[in-house]
Structures are given as structure tokens and as C-alpha cells.
Amino acid sequence: MHAAGDSPDGFVFDPADQLRHELLSPLTSISARNQLLARDIRRASSLNEKERTRMLESITAIETAVQTLCAVIDTIGDEGRSS
Amino acid sequence: VNDRIGVPRRHVFAINTSPEFLNIVRELFQEEGYHVTTTNFAPNSFAQIEALQPDALIIDVAIGEEAGWELLEQLDADADTAGIPVLVISTDPRLLSHAEAHAARYGTHRFLAKPLDLDAMLQAIQEMIEEA
């Protein structure tokens with residue numbers, strides 16, 4: 001067994017790592033739900049092309065925002081490790 | 001289990017602490033015709049995997065949590081489960097690097113960072129099953 005906060009083989013995680021994990025987990029759900037929605041929109045026969053395009057543009061905007069946040073969170077983690 | 005005549009239905013088993021993530025995996029893979037089992041690192045997870053013999057596993061390794069690593073080691077140590085391909089996922093790149101460095105020890109595995117590209121996850125599982 002590893003000690004609490006260590007995992008695995010002696011890795012020690014600081015509060016910045018934990019914060020990064022806590023922020024990335026819900027973003028993972030947002031991004032994944034967004035991707036599932038995009039798959040549904042592409043398959044939906046009830047949508048016309050204009051509606052489909054508008055919805056997929058919104059999906060892309062959400063995904064872009066998620067990726068921007070992920071990049072910021074990565075920076076926070078790096079700063080935490082180097083300080 | 002066969003969904004369509006002559007086409008075996010592939011079985012994916014996902015283990016994660018997040019019920020929402022498990023719902024997403026279930027929805028994604030069921031849409032693609034897979035049989036899906038999910039669990040939240042229950043104490044009997046290993047026994048379930050050993051009994052069900054899924055075609056592939058999706059296991060999350062999280063910061064400060066032992067369950068993912070312990071399950072990987074348990075699976076690798078048992079002849080009945082060592083050959084089951086595993087997709088290892090994590091929010092922490094260091095954990096993924098560590099897992100990759102020990103890939104031989106943990107058997108036939110692939111690695112993906114969160115947030116996940118669902119197409120990449122589907123492709124990885126499909127390829128691992130075909131290669132197994």
C-alpha cells in the first residue's frame with residue numbers, strides 16, 4: 001500500500017496537483033457530454049442543414065472554451081510544481 | 001452475447017469513481033453496439049472482471065487514490081485476467097507517464113489523458129480488441 005497522497009511508487013502530489021485534478025474532472029464531463037451531443041446532432045435526421053450547422057458551431061465554441069480552460073489549468077499545475 | 005447474427009457483441013468494462021463519467025462511457029459504447037459494464041471501484045471489481053472476462057477494460061488512475069493501481073496490479077498478477085487489454089486514463093500526465101513506463105509490467109495497455117477525445121477512446125478500444 002502507498003501512503004495517503006502518494007501514488008504510485010512514491011509520487012507525492014501537492015495541493016496544486018489536487019486542484020488541477022478537481023478542475024479537470026468536471027471539465028472532462030463537460031467536454032465528453034459536448035462530444036456526445038455533437039454525435040447526436042450529426043445523426044439527427046429531423047434537423048435541416050442550417051440548424052445542424054448552427055448547433056455544431058455552438059458545440060465547437062464550447063469545446064474551444066473547455067480546451068482554453070484546460071490550458072490555463074495546466075499552467076497552474078506547472079507553477080505549483082516549480083514553486 | 002450476439003446482437004446481430006454472426007457478429008459477437010464486444011464487452012467493455014469501465015471502472016471509475018465518477019458516476020457521470022461511467023454514464024458517458026455507457027452511452028458512448030452502447031451507441032456503438034458494445035455491451036457495457038461499469039463499476040465504481042467496488043471491493044468485488046476484480047472478481048467481477050475475472051468472472052465476466054470482458055474484451056477490454058477502461059480504468060481511471062487518479063491522484064491520491066490507490067484503487068486504480070491496485071486493480072492494475074491484481075489484473076496483471078492473475079493468469080485469467082492478465083491478457084485483458086486495458087485503456088488507462090487519468091487527469092495527471094505524470095501518472096500516465098508512470099503507467100506507460102510500467103506498461104510491460106501491466107500488460108497490453110494504452111493510455112489517454114483527460115479531458116478525453118471520445119473518438120480516440122473508441123478507436124483505442126476497438127484496436128486493442130482486434131489486436132488481442
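How many helices and strands does the secondary structure of chain A come to? Chain A comes to 2 helices and 0 strands, whereas chain B has 6 helices and 7 strands; helices (H or I, at least four residues) and strands (E, at least two) are DSSP runs, numbered from the N terminus. This is a predicted model, in which local features need pLDDT of at least 70 and side-chain atom pairs count only at pLDDT 80 or more, while totals for chains, interfaces and linings use all residues. Residues are numbered from 1 along each chain as its sequence is written, chains are lettered from A and ligands numbered from 1 in the order in which they are written, and side-chain values use heavy atoms, with hydrogens and water left out.

**Overall composition of the chains**

- Of the 83 residues of chain A, 35% count as buried; buried means under 20% relative accessible area, exposed over 50%, and partly exposed in between (1.4 Å probe, protein chains only).
- In chain B, buried residues make up 50% of the 132 residues.
- Among contacts in chain A between residues at least 6 apart in sequence, 53% join residues at least 24 apart, where contact means heavy atoms within 4.5 Å.
- The corresponding value for chain B, again for residues at least 6 apart in sequence, is 65% joining residues at least 24 apart.
- Read from the N terminus on, the elements of chain B run β-β-β-α-β-α-β-α-β-α-α-β-α.

**The sheet of chain B**

- Chain B contains an open sheet of 5 strands in the order β4-β3-β5-β6-β7, with parallel pairing; two strands pair if DSSP finds at least two bridges between them.
- Its edge strands are β4 (35-39) and β7 of chain B, each of which pairs on one side only.
- Neighbouring strands of this sheet are turned by 20° against each other on average, direction ignored.
- Helix α1(B) packs on the sheet and touches β3, β4, β5 and β6 of chain B; the direction of α1(B) makes about 175° with that of β4(B).

**Strand β5 of chain B**

- Strand β5 (residues 56-60) of chain B is mostly covered, with 5 of its 5 residues buried.
- In a regular strand the side chains alternate between the two faces of the sheet.
- Both faces of β5(B) are covered: Ala56(B), Ile58(B) and Asp60(B) are buried on one side, and Leu57(B) and Ile59(B) are buried on the other.
- With strand β3 (residues 11-15) of chain B, β5(B) pairs in the parallel sense over 4 bridges, and Val12(B) stands opposite Ala56(B).
- Strand β6 (residues 86-90) of chain B runs parallel to β5(B) and is joined to it by 4 bridges.
- In this pairing Ile58(B) stands opposite Leu87(B), and Ile59(B) stands opposite Val88(B).

**Helix α1 of chain A against helix α1 of chain B**

- Helix α1 (residues 15-43) of chain A and helix α1 (residues 19-31) of chain B pack at an angle of about 25°, with their axes 10 Å apart; axes are lines fitted to C-alpha atoms, for helices over the stretch in contact, and angles run from 0 to 180 degrees between N-to-C directions.
- The two helices are therefore roughly parallel to each other; angles under 35 degrees count as roughly parallel, over 145 as roughly antiparallel, 65 to 115 as roughly perpendicular and the rest as oblique.
- The contact includes Thr28(A), Leu36(A) and Arg43(A) of α1(A), and Phe21(B), Ile24(B) and Glu31(B) of α1(B).
- The residues of this contact divide into 5 nonpolar, 3 polar and 7 charged; Ala, Val, Leu, Ile, Met, Phe, Trp, Tyr, Cys and Pro count as nonpolar, Asp, Glu, Lys and Arg as charged, and the others, Gly among them, as polar.

**Helix α1 of chain A against helix α6 of chain B**

- Helices α1(A) and α6(B) pack at an angle of about 85°, with their axes 10 Å apart, and are therefore roughly perpendicular to each other.
- Ala32(A), Gln35(A), Leu36(A) and Arg39(A) of α1(A) make this contact with Leu118(B), Asp119(B) and Leu122(B) of α6(B).
- The residues of the contact divide into 4 nonpolar, 1 polar and 2 charged.

**Backbone features in loops of chain B**

- Most residues other than glycine have a negative phi, and most peptide bonds are trans.
- Gln53(B), in the loop between α2 (45-52) and β5 of chain B, has a positive phi near 50°.
- At 38% relative accessibility, Gln53(B) counts as partly exposed.
- A cis peptide bond, with omega about -5°, joins Lys114(B) and Pro115(B); Pro115(B) is found in the loop between β7 (109-113) and α6 (118-131) of chain B.
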